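Let's take a walk through a protein model together. Have a look at the picture first, and then read on.

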Amino acid sequence: MRTTADDYALSYYNEAHLGGAGEYDWSNDHWRGFFTMVAERIVGLTEPTSVLDVGCAKGLLVQALAGLRVDARGFDISDFAVESAHPDVRDRLWVASATEPIDGRYDLITCIEVLEHMDAADAQRAIDAMCAASDRILFSSTPSDFAESTHINVHPTAQWAAWFAERGFYRRTDADTSFLTTWAILFERAELSKRTVVERYEAQLAPLNAEILDKRRALLDAHRRIDRLTTEAARSRPDDDALLARHAALVARDNVIGLEAQIGVLQAQLAQARSRLTKTRAKLAGARTQLKRARAMAKRRQHEVDALRESRSWRVGQAVVSPLGKLKR
């Protein structure tokens, strides 16, 4: 299953699809501010002189980087996105697939929320193409958003990291890329020994484990205090009050369960609606194709009629028929 350029046209870039943040355009304060911040952090982190944004959409990141005097370029599969780019950045963008080999080399390649839109084989080809064109890749692909209809290749972040490691690219554990997404990674080509790999990842894992243990300990202490205070409160008031409090707690719990059930039903209905929408889009595309063919056929038939009318045999026939018509009158 593959997505196509038609899946990333006007409806894909509407406000509702992008979470209500407004039009996805350089003129929008939200998006301009976000990509300006991202560009500044990228420059501060990697100091690139040349950057290629793979799957650049309308080129907002390219435009922000160019504003910081970085030789930034980008391409996207969507003709609509590239043609809708701001005039200041339009000549830096082109239409292409991420599976195609990349001309030239770049200090940094960015690939932000792109590969989850590609089928498994194409995504691997895209990784090959990027790794051949740069020694550093800033990569981000959602590990959990399965609701988006074009997300056909969602994987845990660890899986993407493993695929990059197969090509000699490893996470820069000293680089905090959470300014982009919490799952973003800066990969860098390196020849690492087993010891270095283990040391890098353990340096990250140990403090995280310590933080989790501290939070679990604090949570357990909080629950114990709550239980103690609840017990003391129950002992200090009449039995009727305790029963009323318990009843209120049970009612509240039932209300929560009911709301969760309603949410489940609504989510199922939403999934069905999305499925019907996908099928309707497919039927519409088929109808458009049939209409296009019918129009082409009608156009060919009209050309044939026009050619016949211009032919000598038609003129001779008309000359013969016309006198007969006059005699009948």
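## Before we start

This is a predicted model, so to speak of a local feature takes pLDDT of at least 70, and side-chain atom pairs count only at pLDDT 80 or more, while totals for chains, interfaces and linings use all residues. Residues are numbered from 1 along each chain as its sequence is written, and side-chain values use heavy atoms, with hydrogens and water left out.

## The sheet

Start with the open sheet: 7 strands, in the order β3-β2-β1-β4-β5-β7-β6, with mixed pairing. Strands here are DSSP runs of E with at least two residues, helices are runs of H or I with at least four, and both are numbered from the N terminus. Two strands pair if DSSP finds at least two bridges between them. At the edges sit β3 (93–95) and β6 (169–171), each pairing on one side only. On average, neighbouring strands of this sheet are turned by 20° against each other, direction ignored. Angles come from lines fitted to C-alpha atoms (for helices, over the stretch in contact) and run from 0 to 180 degrees between N-to-C directions.

Now zoom in on β1 (residues 50–54) and β2 (residues 71–76): they run parallel, joined by 5 bridges. V51 has A72 as its bridge partner in β2, and D53 stands opposite G74 in β2. Next along, β2 and β3 pair in the parallel sense over 3 bridges, with F75 opposite W94 in β3.

## Helices on the sheet

Helix α1 (residues 29–46) packs on the sheet, in contact (heavy atoms within 4.5 Å) with β4 (108–112), β5 (136–140) and β7 (185–189). The direction of α1 makes about 140° with that of β4. Helix α5 (residues 157–166) packs on the sheet too, touching β5, β6 and β7, and its direction makes about 15° with that of β7.

## A closer look at V54

Leaving aside neighbours within four places in sequence, V54 is in contact with several residues, among them F75, I109, C111 and M130. C111 is 57 residues from V54 in sequence, yet their C-alpha atoms are 5.1 Å apart in space.
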